[in-house]
Amino acid sequence: MNCRSFRKRQAELLDTSPDPVATADLREHVSGCPECARELDQAFGVMAALRPSHKAFASAKTKERIMDRVLELQSAGPGREAARARWWSMRRPVWAAAAALVLVAVVVVAWIGASGGPSAFGTLAEAAEFVKGVKTMHMVANMRTIPGDNFDLIRTDEPLIPIHIWTEAADPPGWRVEKEGRVIVMDGNSTTLLIKSGVGPIAATAPGSATGMAGWVAPLLDVGTVFDHEREQAADEGSRISITRKAGADGSPKTVLTIRARAQGDFTQSEYLRNKSIWESDNVRVYTFDAATQRLEGIRVYVATPKGDVLVFETTRIEYDRPIPASTFALEIPEDSTWLKQPDELPSVRDTSQMTPEEAARAFFEACAASDWDEARVFAGTLVDNAGVRDLLGGLKVIEIGKSFRSGLYPGRFVPYKIQLKSGEIKEHNLAIRNDNAKHLWSVDGGI
Amino acid sequence: MQSAGRTSALPDDASSDATTSRPEAAQVWTGGWPQTPREFEVLLDRLLDRLVWYAFRRLRDFGEAEDAVQDVLVRAYADRTKRMNVVRVVPYLYRMVANACAQRYRRSANRPLSIDSIGLEDLPDEKNRASEQIAAVEQLEWIEQLLSRLPARQAEVIRLRVLDELPLADIAETIGCSLPTAKSRLYYGLQKLRRTVPRPEEDKR
């Protein structure tokens with residue numbers, strides 16, 4: 001081999017895994033040719049100089065989001081279009097918008113009696129490792145919310161009501177979230193929601209672990225990821241993490257992680273959703289760990305209101321590795337339940353994508369006024385199959401439909417309305433309506 | 001040699017615990033197009049970070065890059081039966097990501113690389129996070145500045161080889177040229193850069 005032939009094939013030696021047999025003649029040449037050896041060395045040098053010392057990586061939630069979609073597709077069968085986020089996964093979690101491990105402001109406020117103690121993220125990492133080894137967890141908390149409504153909703157003027165979370169890291173895993181009027185169970189194969197509403201039981205199901213149904217408490221279903229979420233959340237403007245160590249009531253050292261976060265979402269058109277969820281409020285989230293075991297011992301969340309900070313979530317008990325009855329991860333659905341399907345999930349539903357939100361809202365109410373339930377289904381899906389809903393809305397009279405607006409993190413729009421029910425009651429509220437599905441069909445999502 | 005229609009798309013070592021450092025791309029995925037969630041999850045473990053890194057450099061925004069890659073991968077699984085006969089999965093996915101980025105590119109063409117938009121993995125000391133991130137962004141800008149002096153085709157081969165660590169055969173397939181052409185572009189591109197890139201040992205002098 002001469003130098004010219006070597007140069008023509010030099011790139012073979014620059015490949016990721018050069019074939020030792022195919023490049024034997026190149027190696028032989030370079031071992032006896034200082035000029036080509038120098039040139040090859042320079043090429044390697046340039047590549048080394050260009051190789052970045054750091055790279056961007058996918059955030060922790062990305063794989064989970066993709067796999068959730070894949071499991072949905074799997075259950076739907078090959079070839080079907082990617083399913084849209086369902087109505088119960090109210091919104092993309094705010095942390096999903098944040099990059100993985102982006103710049104986080106860490107303020108180690110005080111380490112009592114410690115010099116050179118563990119780093120903030122070291123503490124979180126250890127806590128996460130501890131929780132990864134947890135087989136079962138039962139968390140009992142109080143949340144300022146409305147029974148039966150979704151797990152995102154908070155109402156600062158409502159009383160605290162109990163909420164339970166059970167998780168089991170078995171094969172298959174299971175979890176259950178429950179409060180008065182609403183329960184979600186993942187039994188290892190699918191997730192089922194049961195709403196015990198005033199109009200009768202309403203149910204919905206999704207394949208796999210549809211944690212989106214659990215709203216704000218979803219991250220608590222895998223406590224090991226809470227810290228990743230909080231870390232990513234802190235990347236959002238206005239969020240700050242601080243870590244302190246203090247003595248607990250029994251004198252044992254506690255590590256306290258505090259996140260101060262600004263309200264997320266768009267409130268330029270309306271303040272309607274401000275303080276209606278933890279994410280959509282200026283809030284302070286306080287996590288307490290046992291400093292020795294890194295065990296999460298408590299969570300308290302406060303929301304800033306004009307009247308002062310209001311406690312909206314507080315754990316009262318967290319038990320680890322206690323046996324949980326198998327029946328906890330099973331859910332019996334009453335026979336008279338209405339199984340929810342959104343309009344875009346129904347076969348051959350009319351195309352409403354060209355309507356304005358106001359037109360869609362009016363058409364829905366007018367269908368209810370005429371008790372035309374086939375037409376009402378076009379906008380509200382199987383919700384209007386529910387006898388109680390029909391009884392409530394049938395024969396109503398539309399008084400006024402206002403101009404729609406956006407608020408907070410809700411991906412759809414709110415349409416103000418004023419109707420008179422057949423009972424004579426005047427109802428004024430905002431109809432939540434969205435079209436963020438593949439077909440852009442309008443779908444009544446709440447506010448009835 | 002791979003054959004279409006194999007019973008499992010998993011590479012032979014899919015179930016092993018690879019604890020070594022990041023594998024070369026040539027070994028990242030040698031199976032066929034994943035047909036089951038399990039196979040797809042293994043592919044994600046092997047390729048997700050790489051594809052996000054590739055998309056990030058094109059879009060210059062981490063969130064956009066993740067969204068683009070997520071769209072591509074979900075589509076890749078949705079269309080899995082159509083792609084059952086694809087033999088070289090890695091370059092195919094890179095092409096899909098490149099196309100997805102091209103569709104989003106107009107919005108981001110003039111966007112500077114952002115400190116806030118770059119994610120870094122496993123930094124040992126959070127005290128250095130800010131400075132390391134700034135250094136990483138500056139490094140990327142420096143690399144792009146150097147590569148901008150080359151013909152675009154040569155620069156792209158160097159990016160795929162050095163920044164994405166792809167083997168030349170995959171690079172050729174990704175950019176749609178022959179293997180000899182990819183080799184030639186790598187050789188001549190590096191030749192030109194010799195004059196402008198300080199070698200690592202020269203930095204230390």
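**Close-up 1. Helix α7 (residues 168–175) of chain B is mostly covered in this predicted model.** Six of its eight residues are buried: B:Leu168, B:Asp170, B:Ile171, B:Ala172, B:Glu173 and B:Thr174. A residue counts as buried if 20 or more other C-beta atoms, placed from the backbone, lie within 10 Å of its own. Helices are DSSP runs of H or I with at least four residues, strands are runs of E with at least two, and both are numbered from the N terminus. Just after α7(B), B:Gly176 takes a positive phi of about 75°. Residues are numbered from 1 along each chain as its sequence is written, and chains are lettered from A and ligands numbered from 1 in the order in which they are written. The model is predicted, with local features needing pLDDT of at least 70 and side-chain atom pairs counting only at pLDDT 80 or more, while totals for chains, interfaces and linings use all residues.

**Close-up 2. Helices α2 (residues 37–59) and α3 (residues 62–78) of chain B pack at an angle of about 140°.** Their axes, lines fitted to C-alpha atoms over the stretch in contact, with angles from 0 to 180 degrees between N-to-C directions, are 8 Å apart. Residues making the contact include B:Phe40, B:Leu44 and B:Leu51 of α2(B) and B:Phe62, B:Val69 and B:Tyr77 of α3(B). Two residues are in contact if their C-beta atoms, placed from the backbone, lie within 7 Å.

**Close-up 3. A:Ala361 and A:Phe364 touch the most other members of the largest nonpolar core, which has 76 residues.** A nonpolar core is a set of buried Ala, Val, Leu, Ile, Met, Phe, Trp, Tyr and Cys residues joined through C-beta atoms within 7 Å. Helix α7 (residues 357–369) of chain A gives the largest share of this core, six residues. Leaving out residues up to four places away in sequence, A:Phe364 touches A:Ala376, A:Phe379, A:Ala380 and A:Val444. Apart from this core lies another, of 42 residues, among them A:Leu73, B:Trp29, B:Val42 and B:Leu43.

**Close-up 4. A:Ala432 lies in strand β16 (residues 426–434) of chain A.** A:Ala432 is buried, with 23 other C-beta atoms within 10 Å. In sequence, A:Ala432 and A:Phe414 are 18 residues apart, but in space 4.6 Å apart, C-alpha to C-alpha. Among the residues that A:Ala432 touches, not counting those up to four places away in sequence, are A:Tyr410, A:Gly412 and A:Asp445.

Technical notes. Buried ≥ 20, exposed ≤ 12 C-beta atoms within 10 Å, placed from the backbone.
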